[in-house]
Amino acid sequence: MYNKAKKVVETSNVHYKDIAKSVGCSYGGIYRTLNGSRKLDYITAVKIAKKLGKKPDELFYNDAVKYIKEVEGGFRKWYSM
């Protein structure tokens, strides 16, 4: 799901295991998070972005907006919760 973040990881010298160690979770947890099968909280997004030398919005914002529009029925439904 988080295509930009995955591309940054793939083109950097930082590996999933390095991110997992800095975030404080398992390799599988980071892998599932970036593939969208596990929810991403803001604190984790900040930690991942810091490890990759980016800001959280650079890595996650566009993909999150796309997900909300396509999967969760758009922003109106999301904001009315």
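The model is predicted, so local features need pLDDT of at least 70 and side-chain atom pairs count only at pLDDT 80 or more, while totals for chains, interfaces and linings use all residues. Residues are numbered from 1 along each chain as its sequence is written, and side-chain values use heavy atoms, with hydrogens and water left out. Helix names come from DSSP runs (H or I, at least four residues; strands are E, at least two), numbered from the N terminus.

**The nonpolar core**

- The largest nonpolar core has 17 residues; a core here is a set of buried Ala, Val, Leu, Ile, Met, Phe, Trp, Tyr and Cys residues joined through side-chain atoms within 4.5 Å.
- "Buried" means under 20% relative accessible area, "exposed" means over 50%, and "partly exposed" is in between (1.4 Å probe, protein chains only).
- Helices H1 (3-11), H2 (16-23), H3, H4 and H5 are the elements that give two or more residues to this core, and H2 gives the most, with four.
- The residues with the most contacts inside the core are Ile 19, Ile 30, Leu 34, Ile 48, Leu 52, Leu 59 and Phe 60.
- Take Leu 52: leaving aside neighbours within four places in sequence, Leu 52 is in contact (heavy atoms within 4.5 Å) with Ala 5, Val 8, Val 9, Ser 12, Val 14, Ile 19 and Leu 59.

**H4 against H5**

- Helix H4 (residues 42-51) and helix H5 (residues 56-70) pack with their axes 8 Å apart, at an angle of about 130 degrees.
- That angle makes H4 oblique to H5; under 35 degrees counts as roughly parallel, over 145 as roughly antiparallel, 65 to 115 as roughly perpendicular, and the rest as oblique.
- Axes are lines fitted to C-alpha atoms, for helices over the stretch in contact, and angles run from 0 to 180 degrees between N-to-C directions.
- On the H4 side, Tyr 42, Ala 45, Val 46, Ile 48 and Ala 49 meet Pro 56, Leu 59 and Phe 60 of H5.
- The residues of this contact split into eight nonpolar, no polar and no charged; Ala, Val, Leu, Ile, Met, Phe, Trp, Tyr, Cys and Pro count as nonpolar, Asp, Glu, Lys and Arg as charged, and the others, Gly among them, as polar.

**Tyrosine rings**

- There are four aromatic pairs, where rings of Phe, Tyr and Trp (its six-membered ring) pair if their centres lie within 6.5 Å; planes under 30 degrees apart are stacked, over 60 edge-to-face and the rest tilted.
- Tyr 16 and Tyr 31 have ring centres 5.7 Å apart and planes at 70 degrees, so they are edge-to-face.
- That pair links distant parts of the chain, with Tyr 16 in helix H2 and Tyr 31 in helix H3, 15 residues apart.
- Tyr 16 is buried at 13% relative accessible area, whereas Tyr 31 is partly exposed at 41%.
- Tyr 27 and Tyr 31 are stacked, because their planes are at 15 degrees and their ring centres 6.3 Å apart.
- Ring pairs link Tyr 16, Tyr 27 and Tyr 31 into a cluster.

**Thr 33 and Ser 37**

- Thr 33 lies in helix H3 (residues 27-34) and is buried at 4% relative accessibility.
- Ser 37, in the loop between H3 and H4, is exposed at 57%.
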